[in-house]
Structures are given as C-alpha cells and as structure tokens.
Amino acid sequence: MTVSGEFIAFLALALVAIIGGVLLLNLKKVVHMVVALVFTFLSIAGIYVLLSAEFLAVVQILVYSGAISIIMLFGIMLTKHNDEDEGDSKGGGWRKAFLFLGVLAFGAVFYIGIYNLDFGSAPAALHENNPEQIGIELYSKYVIPFELMSVLLLVAFVGAIVLSRNDEKEEADKE
Amino acid sequence: MDLETLLSYEWSLMGPEFIIVIASVILTLLDLFLPKKFNRRMLGWFAFVAVLAAIVSLLGLLDNQVGSILHDTFRLDSFAKAFKLLLLVGSALVLLLAIDYEPKEGLTEYRGEFFYLFLTGLLGAMIMSSSGDLITLFVGLELLSISSYILAGLRKKNLKSNESAMKYVINGSISTAITLFGMSYLYGITGSTNLNEMSGMLRTLTDPQYTYLLGLAFFMIFVGLAFKLASVPFHMWAPDVYEGAPTPVTAFLSVVSKIAGFVILIRIMVSIFSSIPVGDGTIPMLFDLQDFIGFLAAVTMILGNVVALRQRNIKRLFAYSSIAHAGYILVAFTAMSYVMFDSIWFYMLAYVFMNLGAFAIIQLITEKEGSEDIGHFAGLYRRSPILAVTMAVFILSLAGIPGTAGFIGKLNIFLGALMVSPSHYVLASIMIATTVVSYFYYFGIMTQMFFRPAAEETKLKLPAGTNAVIIICAVATILLGVMPQLAFDFLQTNFNQFMDFMG
C-alpha cells in the first residue's frame with residue numbers, strides 16, 4: 001500500500017466523518033450534536049471531491065451542511081425542549097461488550113472483503129463536465145424515478161404539515 | 001432527449017400508474033379547495049373509483065408482450081402484472097374499509113390526507129413491482145415507506161399511534177440504510193443499476209473476492225428487506241405499529257405493504273443473485289445460501305406463532321399472525337421450486353381476502369367497543385350470527401383448514417418444498433408444527449365468538465363498505481378453497497409460468 005497525498009486526505013476525512021458521527025450519538029447538548037453532524041457532512045463532501053464528484057460535493061455542502069443544519073438549528077430554537085439528555089442508556093456492561101464485538105465483527109468482515117480489492121483501471125473522464133453528465137443521465141435515462149421523486153417530495157411535505165400542525169390552537173380560534 | 005423520442009416510448013404501459021398519480025394529485029387539490037363542511041368520505045369513493053379504473057386498465061394490458069420504457073426503469077412483464085393486480089385488489093378492499101373508519105377520537109381532519117397518502121403508497125408499491133432497475137426499485141420502496149410512516153401516525157391525539165409512527169420511522173430508516181448499503185456493493189461491482197445488465201455481468205464473474213463481497217451484499221439486502229416483510233430479524237416493529245396505527249392502515253401494512261416487500265425481494269434476489277456462480281461455478285449463489293433463508297423462514301414461523309399465543313390484543317395477535325404468514329411465504333421462496341411464483345401468488349391472493357375480511361370485522365368491533373381486547377369478541381354469535389360465521393371462515397382459512405383458500409395456499413407451498421431435490425423436510429415439518437400451534441390462538445377467538453356469553457346484546461350495525469368487503473372476502477375465500485383451479489387457470493392463461501421474468 002503506497003502512501004500518497006490522496007490516501008492521507010482520505011484517512012483524515014474519513015476519521016473526521018466517523019468521529020463526527022460518534023460524537024453526535026454521545027454528546028448531551030442538542031446544538032453540539034448539530035455541530036458534530038456538520039463535521040460529518042463536510043468531510044463526506046471532501047470524500048466526494050477525492051472521488052472526482054465535485055458537483056456532488058458542492059451540493060452536499062449546500063444542502064446538508066447549509067440548509068439542513070440551519071433548519072435543524074431553527075427547529076431547536078423554535079421548539080421547547082430539554083436541552084440535557086436525561087439519564088444513561090439502559091443495559092449493563094455485557095450488553096455494551098456484545099454490541100462492541102458485533103460492530104467489530106461487522107467491520108472485520110467488510111474489511112476482509114475490500115482491503116485489497118482491485119476494480120481495474122478507473123474511467124478517465126469522470127471529472128469532465130460533471131453537472132452535464134449528471135443532467136444528461138437524469139433527464140434521459142432516469143426520467144421515471146426522477147418524476148417519482150417529485151411525488152415523494154409531495155408526500156414528505158404533506159406529512160410534515162399533517163404531523164406538525166398544531167390542532168389545539170386552531171380549535172381554540174374557532175370557538 | 002427531445003420531445004419526439006420521449007413520446008416514442010410506449011407510455012400506455014404505465015396506464016395504471018398514471019391513473020393513480022393523477023387521482024392522488026386531484027385528491028390533494030380537492031382536499032385543499034373544498035369547503036370544510038364537505039364530507040371527505042366522498043374523496044374516499046373517488047380514490048376507490050380510481051383504483052378500480054387502474055384495475056380495469058391493468059386488465060386491458062394483460063395481453064401485452066413484455067414491454068419496457070427507458071432502459072427497463074419501467075418494465076411490464078407477467079410478474080409485474082400478476083403482483084400489481086394483487087396490490088390493486090388489496091388496496092381497493094382496504095379503501096372500502098377506510099371509508100367506514102370512524103375511531104372514537106375522530107379522524108375527520110385528516111381524512112382527505114389519508115386517502116391521497118394511501119394512493120401514493122400504493123403507487124410506490126406498483127412501481128416496485130414493475131421495475132427492472134435498482135434506482136426505480138429503491139424510489140418505489142421509499143415512496144411506499146414514507147407514505148406509510150405518515151399514515152401510521154395520522155391519529156395524532158392517540159399516544160399509541162404517535163409511538164407506532166415513531167418506531168416505524170426509526171426502524172424503517174435503519175433497514176433502508178442497510179438495504180442501500182447492500183445495493184451499493186452490487187452497483188460497485190457491476191457498474192450498472194439495470195438488473196438485466198447486472199445479471200449478465202455477474203454470470204462471467206470468477207474472482208472469489210467479488211463473490212465474497214456479493215455474499216455480503218446478499219445478506220445486507222435480505223436483512224434490510226426483511227423489514228418490509230416483517231420477518232425475523234426485523235419483525236419487532238410490527239406488533240407496536242399494527243396496534244397503534246389506525247385499523248385500515250394496519251390492514252394496508254399487513255397486506256399491501258407485505259406483498260410489495262416480497263415483490264422487491266423476489267425481483268432483486270431472483271434476477272441478480274441467481275446468476276452469480278459460486279464454488280465450481282455450477283450452483284448459483286441464491287441456491288448456495290438457501291439454508292440461510294430457510295433458517296430465517298423457520299425462525300419467523302416459530303416466533304410469530306408462539307408469541308401470538310400470549311396476545312390479548314386482537315391487533316397485536318394479527319400482527320404476530322402476519323409475521324407467521326410471512327414465514328410461510330418465505331418457505332416457498334426458499335424452496336425455489338418451479339411453481340414458486342404460482343404458489344406465492346396464490347398464497348398472497350388467499351391472504352389478501354382472508355386477512356382483509358378478518359380486519360373488516362376487527363375494525364367493526366374495536367370501533368364499537370373502543371378497545372382492542374379479544375374479550376369483545378365474546379358472544380358475537382348471539383349478537384350477529386352472520387358476522388360470527390364469516391369471521392369463522394376467515395379464521396379457518398388463516399389457520400389452513402381444508403375447504404378454504406388458506407389451505408390450498410399452504411398445501412402448494414408445502415408440496416413445493418418437498419418437490420425440489422434435496423427436499424426441505426425440516427422446513428416442511430416446522431411449517432406443519434407451527435400451523436398446529438397457530439390453531440390454539442385462532443381457535444381461541446372462535447371459542448370467544450361461539451361459546452362465551454356476550455357482555456351486551458346490542459345488535460351491530462354494518463356500514464355498506466365494510467359489508468361489501470366482508471361479503472367479497474368470504475365468497476372469495478370459500479370459492480378459492482373449493483375451486484382453486486379458477487385462480488390457477490387464470491395464472492396459466494395470462495402469465496405463462498412467468499417465463500419472461502428474466503428476459
């Protein structure tokens with residue numbers, strides 16, 4: 001295994017992404033969690049750049065690190081919430097040990113599969129006209145799933161409205 | 001792509017899907033603009049008519065050859081037609097139930113939302129059944145899942161409903177993530193998302209390391225999709241969600257959503273994993289890993305039936321019973337006999353009728369009593385003999401007693417498991433043993449209905465829609481039990497053994 005600049009960059013980004021994810025689970029304050037999540041999002045964007053998917057990286061930063069984190073912060077600001085997470089999770093040391101072993105085994109099984117996997121030579125024209133290539137694929141070959149995504153978005157919107165609308169208030173207004 | 005090429009595709013193949021999309025869009029707009037006083041039940045009838053229209057349009061397409069649009073992102077083969085028919089019939093029956101649904105705390109505010117979210121969920125299931133591309137399959141899966149998450153939480157003032165929606169979302173997203181992880185390995189190795197291209201690529205694969213990775217992908221996808229089937233290891237959500245969700249949604253999840261889960265499982269497994277050579281290159285991977293699927297099928301049957309014995313809540317009981325039924329269908333999938341498609345299709349057809357019929361009666365009684373305890377079935381025979389007898393038909397069919405559709409379905413699966421060589425004797429005997437166990441809880445309901453005194457003697461009033469569902473289901477359950485050749489002839493003449501599944 002040769003140590004190249006790309007390899008070091010990948011290691012750093014992957015490490016930040018995983019640490020961000022672990023911190024998200026372990027931190028106690030909601031705002032800290034969101035910050036940890038932003039770190040994960042940003043480092044995933046970095047990994048996209050390494051894979052010559054610059055367009056995807058930009059979208060990742062715009063949508064995830066930008067929009068989603070901001071909306072989460074707004075949500076935290078606008079709702080009542082207990083800032084502190086109460087109590088520790090249940091389960092004794094054994095359970096945690098088993099969980100850890102399970103995660104370790106899962107990691108090992110996949111590591112064996114991919115550590116010296118050879119995919120042959122990569123296609124050369126990956127980074128050329130990135131958005132154009134995506135656009136052509138999306139609007140010619142994948143029109144049907146693309147249109148279905150719009151239905152999915154509609155469903156998600158309706159769901160968000162239905163589940164978060166405050167009914168009590170409306171009824172009080174009527175009276 | 002210009003307009004001319006776009007129009008050159010045979011869009012008429014997508015007729016049923018277009019009807020459902022248009023209907024759900026119209027319903028959305030109607031719900032938005034109609035005055036508050038307007039009875040939203042009319043929207044339900046509109047949705048029902050739309051589903052009927054989709055069935056008619058699908059029947060019109062039955063004679064068509066295999067057709068595909070845009071590189072198989074939409075694909076109409078016999079498999080798609082047969083299972084889409086089941087989905088549509090099931091949905092039409094569930095819609096009839098939903099129109100009559102009237103819980104204690106009321107669903108008046110969200111009745112409109114209910115109907116169009118229902119249609120979008122159905123659309124997701126239909127897209128899954130006729131897709132030859134991983135991307136469309138996944139989008140369909142998500143459309144179905146997200147619609148059902150919202151449907152499960154529609155009774156906003158009911159704590160159990162809130163809990164069930166929350167559990168459903170969390171479990172669902174974990175399982176989706178696992179499925180997607182598995183799919184990403186498939187895409188990484190083959191470099192394509194088209195199922196046909198993938199299986200072509202994989203046939204020539206020899207590198208053992210790729211095979212190892214594909215094996216991992218198999219496990220990931222299977223475990224992830226087990227969620228939709230509510231089979232072990234992802235069955236834990238089912239009892240809680242079934243209990244908390246509004247009854248028509250429970251019916252939808254236990255019938256339509258489950259059929260859709262099997263559809264996507266069969267699509268991916270049969271078209272991809274049966275073309276990967278393992279070992280000396282003679283056995284496909286799917287057969288090599290049969291023991292694993294068989295094990296899960298056995299655990300699912302045992303767990304579903306045994307835990308159901310202890311349930312006092314009728315909806316939880318049916319949740320475990322539906323887990324068990326997923327196990328029976330997995331037996332047919334494990335055996336991979338040449339009648340696999342036929343026996344799974346027939347079992348699901350029987351399951352649609354017997355389960356929805358039972359749910360119609362459950363909805364009627366739980367609504368009346370406001371609680372879901374089994375005790376409310378006591379003395380049903382005194383209060384309404386016809387209702388008790390039809391419920392008995394559905395329960396006998398679910399238990400698999402001769403003369404009902406459930407028996408023929410089970411017999412087919414059983415014979416299929418013994419027909420192949422080497423025969424799956426262990427699985428077949430577990431299936432019989434668990435069926436016997438299931439008699440205890442199914443007949444427990446029957447004892448309540450026929451031999452226990454009723455707590456009150458008031459007559460039950462039958463709404464028209466529920467009445468229709470009960471009659472249709474009872475007739476179909478008995479008819480398919482006495483003359484199963486009706487369904488099999490239909491399969492033979494229209495779908496020709498599902499020969500065009502791969503081609």
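How many residues does the contact take from chain A and from chain B? The contact takes 31 residues from chain A and 40 residues from chain B, where contact means heavy atoms within 4.5 Å.

This is a predicted model, in which local features need pLDDT of at least 70 and side-chain atom pairs count only at pLDDT 80 or more, while totals for chains, interfaces and linings use all residues. Residues are numbered from 1 along each chain as its sequence is written, chains are lettered from A and ligands numbered from 1 in the order in which they are written, and side-chain values use heavy atoms, with hydrogens and water left out.

## The interface

Between chain A and chain B an area of about 3200 Å² is buried, and carbon and sulfur atoms give 74% of it. Buried area is the accessible area (1.4 Å probe) that two parts lose on being put together, summed over both. A:Phe110, A:Ile144 and A:Val162 supply 18% of the area that chain A buries against chain B, more than any other three residues.

Four residue pairs, both residues at pLDDT 80 or more, are in polar contact between the two chains. A polar contact is a pair of N or O atoms within 3.5 Å; within protein, one must be able to donate a hydrogen and the other to accept it, and residues adjacent in sequence count only if both atoms are side-chain atoms.

On the side of chain A that touches chain B, at least two residues each come from α4 (93-114), α5 (130-141), α6 (143-164) and α7 (167-174) of chain A. Helices (H or I, at least four residues) and strands (E, at least two) are DSSP runs, numbered from the N terminus. The largest share of that side, 13 residues, comes from α6(A). Its residues divide into 20 nonpolar, five polar and six charged. In this grouping Ala, Val, Leu, Ile, Met, Phe, Trp, Tyr, Cys and Pro count as nonpolar, Asp, Glu, Lys and Arg as charged, and the others, Gly among them, as polar.

## Chain A

Chain A has seven helices and zero strands. Of its 175 residues, 19% count as buried. Buried means under 20% relative accessible area, exposed over 50%, and partly exposed in between (1.4 Å probe, protein chains only). Among the contacts in chain A with a separation of 6 or more, 60% are between residues 24 or more positions apart.

A:Thr40 lies in helix α2 (residues 30-50) of chain A. A:Thr40 counts as buried because its relative accessible area is 12%. Not counting residues up to four places away in sequence, A:Thr40 touches A:Ala17, A:Gly20 and A:Gly21.

B:Ile264 is part of helix α11 (residues 247-272) of chain B, and its relative accessibility is 0%, so B:Ile264 counts as buried. Leaving aside neighbours within four places in sequence, B:Ile264 is in contact with B:Met128, B:Leu137, B:Leu141 and B:Leu225. B:Met128 is 136 residues away from B:Ile264 along the chain, yet their C-alpha atoms are separated by 6.2 Å.

Helix α18 (residues 405-419) of chain B has 15 residues, which should span 21 Å at 1.5 Å a residue; its end C-alpha atoms are 21 Å apart, which agrees. The expected span is 1.5 Å times one less than the number of residues in the helix. The buried residues of α18(B) include B:Ala405, B:Ile408, B:Lys410 and B:Ala417. Helices of chain B that the buried residues of α18(B) pack against include α14 (314-335), α15 (340-369) and α19 (425-451).

## Salt bridges

The whole structure holds eleven salt bridges over all chains.

| Pair | N to O distance |
|---|---|
| B:Lys84 and B:Glu17 | 2.8 Å |
| B:Lys160 and B:Glu243 | 3.0 Å |
| B:Glu163 and B:Lys167 | 2.9 Å |

B:Lys84 is buried at a relative accessible area of 0%, and B:Glu17 is buried at 1%. B:Lys160 is partly exposed at 44% relative accessibility, whereas B:Glu243 is buried at 10%. B:Glu163 and B:Lys167 both lie in helix α7 of chain B, four residues apart, about one turn of the helix. Salt bridges that share partners join B:Lys160, B:Glu163, B:Lys167, B:Asp240, B:Glu243 and B:Arg316 into one network.

Technical notes:
A salt bridge is a side-chain nitrogen of Lys or Arg within 4 Å of a carboxyl oxygen of Asp or Glu.
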